[in-house]
Amino acid sequence: MSIGFPFSCASLSSQLPGRSTNLENVKSLVTKTGIPSTITSPLESLQKGNWVKLICGASFEDVIDIRNLSLVYTLSGVDCIDCAADASVVNAVHDGIEAARDIVPIRRPWVMISVNDSEDLHFRKAEFDPDDCPPDCSRPCENVCPADAISLSAKFGVSKGGVLGERCYGCGRCIPVCPYDKISAITYIRDVAATAELLKQNKIDAIEIHTSGRQEESFQQLWDGLGDSIHKLRLIAVSLPDIGELTIPTMNSMYTTIKANSHCLNLWQLDGRPMSGDIGRGATREAIKFALHLVSLKNRPKGFLQLAGGTNAHTVEGLKRERIFQTTTLSDGDKVCLNSSESSHALIGGVAFGGYARKVVGRVLRSLQLEHGYARFECHPDHLLQALTASLALVRTVKCYNES
């Protein structure tokens, strides 16, 4: 696959005499942290409660950023990389993984694609016509966008640019701040036939179905449409919000649907406050509250539990405070009640990081692009080292690596 980088690292070597030394510093950091010798298989990570998933974004399709994010977080030892159900995006993830493994021999994370059964916040794009923007607008939309997905420039009194579709992942923060109410959101549903064909290419280990939990018929239709394309998957995940007293009945119904023709692992992604982890410390509270509620229930269906939605560097701190981090028992001593083969598993399988994970590495990516344009991280090891240091600070909260 060609992602469209202007130069190879080899062609830049003569211009970057310190590149080899700096790349050794990257290898040294990974080795000193103990990642190659301590990380387990993704399944073992789920069982131990130290599973970490990178969420690239169900609608984020900037293949250069995705490739570089995948490289950095593979080196950091994540267990899974979740991306849009698009062939070029999946290829970019694999390219990043292999680039990381060329630097340090490290186990490969699972690759997951995300789809939806109905309208969902994760599957939308902002839209506006820049020609309708007053030239004297202060452009709050551009300032508030966490993905740098809005680019406006004024020339001869006319605004040009707009939303960069491949970068917008649907957070919606631009919509309420527009002083002229010019921005709207376009929602979409991933085509189930195209998804089934993508799964059959054997480049994908897992699928995640985003659902509101309120339209069981839509979930059933999506599942039926996937047909036998799911038979080689290692993991099937369902991402859902807390819908109160309907949560457990809905989970049980979906579990019955899934297990009718699938025998692989299943995971429940507890979507607390979607796409908000980069906002601040308190964004993670809803996901922790959701998890605390579910682990206390005896009648929930089988499957690993994983937090998402608002997760950030403070999530593990919150889990520890509630005494549900990497433990098989609740604080009152009640053991998790699943079945005999799962009774020793951690109550919480792990954490997925999206907006926050992209933010901490995105700062370095923006610096890289300003200095060198669209480039491979490994061609500029000083930037790679900065990004790796930032990603490790996050992943370490769950993985408990050695301090370097």
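A: First, the ground rules. This is a predicted model, where local features need pLDDT of at least 70, side-chain atom pairs count only at pLDDT 80 or more, and totals for chains, interfaces and linings use all residues. Residues are numbered from 1 along each chain as its sequence is written, and side-chain values use heavy atoms, leaving out hydrogens and water.

Q: At what angle do helix H5 and helix H15 pack, and how far apart are their axes?

A: Two packed helices are described by the angle between their axes and the distance between the axes. Here H5 (residues 63–75) and H15 (residues 381–399) pack at about 60°, with axes 9 Å apart. H5 and H15 are therefore oblique to each other (roughly parallel is under 35 degrees, roughly antiparallel over 145, roughly perpendicular 65 to 115, oblique the rest).

Q: Which residues of H5 and H15 make the contact?

A: Contact means heavy atoms within 4.5 Å. H5 gives Leu71, Val72, Tyr73 and Leu75; H15 gives Leu384, Ala387, Leu388, Ser391, Leu394 and Val395. They divide into nine nonpolar, one polar and no charged.

Q: How do H10 and H11 pack?

A: H10 (residues 216–226) and H11 pack at about 15°, axes 11 Å apart. They are therefore roughly parallel.

Q: Which residues of H12 are buried?

A: Buried means under 20% relative accessible area, exposed over 50% (1.4 Å probe, protein chains only). In H12 (residues 285–295), Ala287, Ile288, Phe290, Ala291, Leu294 and Val295 are buried. They fall within an arc of 160° seen down the axis, so they line one face of the helix. On the other side, Arg285 and Lys289 are exposed.

How values were computed: Helix = DSSP H or I, 4+ residues; strand = E, 2+ residues; numbered from the N terminus. Arc of directions from axis to C-beta. Axes fitted to C-alpha atoms, helices over the stretch in contact; angles between N-to-C directions. Nonpolar A, V, L, I, M, F, W, Y, C, P; charged D, E, K, R; others polar.
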